[in-house]
Amino acid sequence: MDLQSVFSTEVIDTTERNFRGKDELFRHMARLFEKSGFVTSGAEYVKALYERERMGSTYMGGGMVVPHGKAPCVKRAGVGICHFTPMKYEGEEEELADLAIQYIRVYAIASPFTTMVFAVDNFLRICGKIKSSMALNIVMSILNIRSGISFFCSKKCAAQKGTSILPKA
């Protein structure tokens, strides 16, 4: 695929737009895609964007969204860029809630164990067993890294299967 055919200045809007919601954003970008020949029908493409959003939000976090759709009206692949003032985009609040639940879960599970480990570490330091204290801290660091990786992998695997490891609200 030739990148020059994917990127077009006609679908890059650097003017700061003030959309009231994602509907205005979708319609604006669909018009640009239609005008530049990427799609044959902007209205049909907007429907495809909403169909994709029903499967799951395209909100990526940090104010980034990547709406996309699959429809017969798409003549060729293209990337559009639009600069707009911050607006509420569905998916943001779920991201914050997921992070809060993950934090509370990890804290609740690990707190009793880590409290005991900190007490043992303090005891070892008071007794002058610095090497034992350091070894305990290294083991705890490795366990923390390993548990973080396995949590990430289980979340990633769940996302690929379309399931979630987080409870539904």
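**Entry 1**

I began with a cut-off: a residue is buried when its relative accessible area is under 20%, exposed when it is over 50%, and partly exposed in between. I also noted that I am working with a predicted model.

Is Asp 121 buried or exposed? I found a relative accessible area of 6% for Asp 121, so this residue is buried. Arg 125 has a relative accessible area of 47%, so I wrote it down as partly exposed. I then looked at the two together: Asp 121 forms a salt bridge with Arg 125, and their closest N and O atoms are 3.2 Å apart. Both residues sit in helix H4, which covers residues 92-126. They are four residues apart, about one turn of the helix.

How many salt bridges does the structure hold? I found five. My reminder to myself is that side chains of opposite charge can pair when their charged atoms come close.

One of the five joins Arg 17 and Asp 13. The closest N and O atoms of this pair are 2.7 Å apart. Arg 17 is partly exposed, because its relative accessibility is 30%. Asp 13 comes out at 8%, so I listed Asp 13 as buried.

Next I looked up Lys 22, which forms a salt bridge with Glu 53. Here the closest N and O atoms are 3.1 Å apart. This pair links distant parts of the chain, since Lys 22 is in helix H2 and Glu 53 is in helix H3, 31 residues apart. Lys 22 has a relative accessible area of 10%, so it is buried. Glu 53 is buried as well, because its relative accessibility is 9%.

**Entry 1: helix H3**

I checked the length of H3 to begin with. Its 14 residues should span 20 Å at 1.5 Å a residue, and the end C-alpha atoms are 20 Å apart, so the two values agree.

Which residues of H3 are buried? My list reads Gly 42, Tyr 45, Val 46, Ala 48, Leu 49 and Glu 53. These residues cover an arc of only 160° around the axis, so they lie on the same side of H3. On the other side of H3 I found Lys 47, Arg 54 and Met 55, which are exposed. What do the buried residues of H3 pack against? They pack against H2.

**Entry 2: the loop with Ser 36**

Where is Ser 36? I found Ser 36 in the loop between helix H2 (22-35) and helix H3 (42-55). Its relative accessibility is 11%, so Ser 36 counts as buried. A polar atom of the Ser 36 side chain lies 3.2 Å from the backbone oxygen of Phe 33. Leaving out residues up to four places away in sequence, Ser 36 touches Glu 10, Val 11 and Arg 76.

**Entry 3: the cysteines**

How many disulfides are there? I counted zero, taking a disulfide as a pair of cysteine sulfur atoms within 2.5 Å. Cys 73 has a relative accessible area of 1%, so Cys 73 is buried. Cys 82 is at 17%, which is under the 20% cut-off, so I put Cys 82 down as buried too.

Technical notes: Residues are numbered from 1 along each chain as its sequence is written. This is a predicted model: local features need pLDDT of at least 70, side-chain atom pairs count only at pLDDT 80 or more; totals for chains, interfaces and linings use all residues. Side-chain values use heavy atoms; hydrogens and water are left out. Helices (H or I, at least four residues) and strands (E, at least two) are DSSP runs, numbered from the N terminus. Buried means under 20% relative accessible area, exposed over 50%, partly exposed in between (1.4 Å probe, protein chains only). A polar contact is a pair of N or O atoms within 3.5 Å; within protein, one must be able to donate a hydrogen and the other to accept it, and residues adjacent in sequence count only if both atoms are side-chain atoms. Contact means heavy atoms within 4.5 Å. A salt bridge is a side-chain nitrogen of Lys or Arg within 4 Å of a carboxyl oxygen of Asp or Glu. The expected span of a helix is 1.5 Å times one less than its number of residues. The arc is that of the directions from the helix axis to the C-beta atoms.
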